[in-house]
Amino acid sequence: MENSPIWLIANWKMNGDAARARAWAFAVNASLAAHDTQVEVVFCPPVTLLAAARGALPANAGLRLGAQNCHAEAKGAFTGEISAAMLKEAGCSHVIIGHSERRAMGESDADVLAKAQAALASGLTPIICVGESRAEYDKKQTNTTLDIQLKGLKKLPSDAYLIAYEPVWAIGTSKTPEMAEISAAHGHIKSVLGSTTPVLYGGSVSGSNIGQILGIAQVSGVLIGGASLEIESMQAMLEAAVNVKK
Ligand code: PGA
């Protein structure tokens, strides 16, 4: 664990504008530069804001850029879609794939695998989201759901991507599982994919719980939605991550 980074993924979803993306990227990158740290921050704004964020960063910035989705094909007649290579050219190093909000729009496990493979082929690191629904959680079917979602991912090189474990019922609800449940789910994911795959937690991460969550041995970072929108809130979470001893 010692040399592996702690990942903070800021997922803006469909929020923000160019002015805010510029200010956020500049300020969070400056906070990151102030620490000699193992913490890595990936800023995932809407794709239309990537250029603004990139333009606000100095050369050799520590802050990384990511997208929230990509298409599985490299190019072609797919109106409205964006390929992994296009995201790479726009300055991304990472792409979130299989977020539950996209799965709810019909994205399947096969789609997720194809998109992850496309991302890897273009030199992007996929951040692949998995997690159980509230009904599955209540029926104690978390591991069964994870097994189904993880099955195809065994085809990927185990250290080439990140997993974000995001219980669907914890996203945007201010609810989180117990720390022991997060630890157990992460342990299960690593038992399926191998110990070299970093596993992040996502779902109602905030300044008040990030320290505790990152303190869990199996947790290699967090995917943050709502609480990542404000610069001060993000900087406070970055500060908390810097102070976590793994
Ligand atoms: P939240 O979103 O932090 O607002 O719960 C997390 C996510 O959807 O990735």
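This is a predicted model: local features need pLDDT of at least 70, side-chain atom pairs count only at pLDDT 80 or more; totals for chains, interfaces and linings use all residues.
Strands here are DSSP runs of E, at least two residues, and helices are runs of H or I, at least four, both numbered from the N terminus. Two strands count as paired if DSSP finds at least two bridges between them.

For a look at one pairing, take strand E2 (residues 39-44) and strand E3 (residues 64-67), which run parallel over 2 bridges. Phe43 has Leu65 in E3 as its bridge partner.

## Helices by the sheet

Ser31 sits in helix H1 (residues 18-33). Ser31 counts as buried because its relative accessible area is 17% (buried is under 20%, exposed over 50%, partly exposed in between, with a 1.4 Å probe and protein chains only). Setting aside neighbours within four places in sequence, Ser31 is in contact (heavy atoms within 4.5 Å) with Gln235 and Leu238.

## Pocket and cavity

Both kinds of space are found on a 1 Å grid over the protein atoms alone: a cavity is a set of points where a 1.4 Å probe fits but cannot get out, while a pocket is an open set with protein on both sides within 12 Å along at least five of seven lines. Lining residues have an atom within 4 Å of a point. Points are joined across faces, edges and corners, and a volume is the space filled by probe spheres set on them.

The largest pocket holds about 480 Å³. It has 17 lining residues, with Lys13, Gln68, Asn69, Arg102 and Met105 nearest its centre. By class, that lining has 7 nonpolar, 6 polar and 4 charged residues (Ala, Val, Leu, Ile, Met, Phe, Trp, Tyr, Cys and Pro are nonpolar, Asp, Glu, Lys and Arg charged, and the others, Gly among them, polar).

There is 1 cavity of 30 Å³ or more, and the largest cavity comes to about 40 Å³. Its lining includes Gly98, His99, Cys129 and Glu166. Helix H4 (100-103) and strand E5 (125-130) each give two or more residues to that lining.

Residues are numbered from 1 along each chain as its sequence is written, and side-chain values use heavy atoms, leaving out hydrogens and water. Local features need pLDDT of at least 70 and side-chain atom pairs count only at pLDDT 80 or more, while totals for chains, interfaces and linings use all residues.
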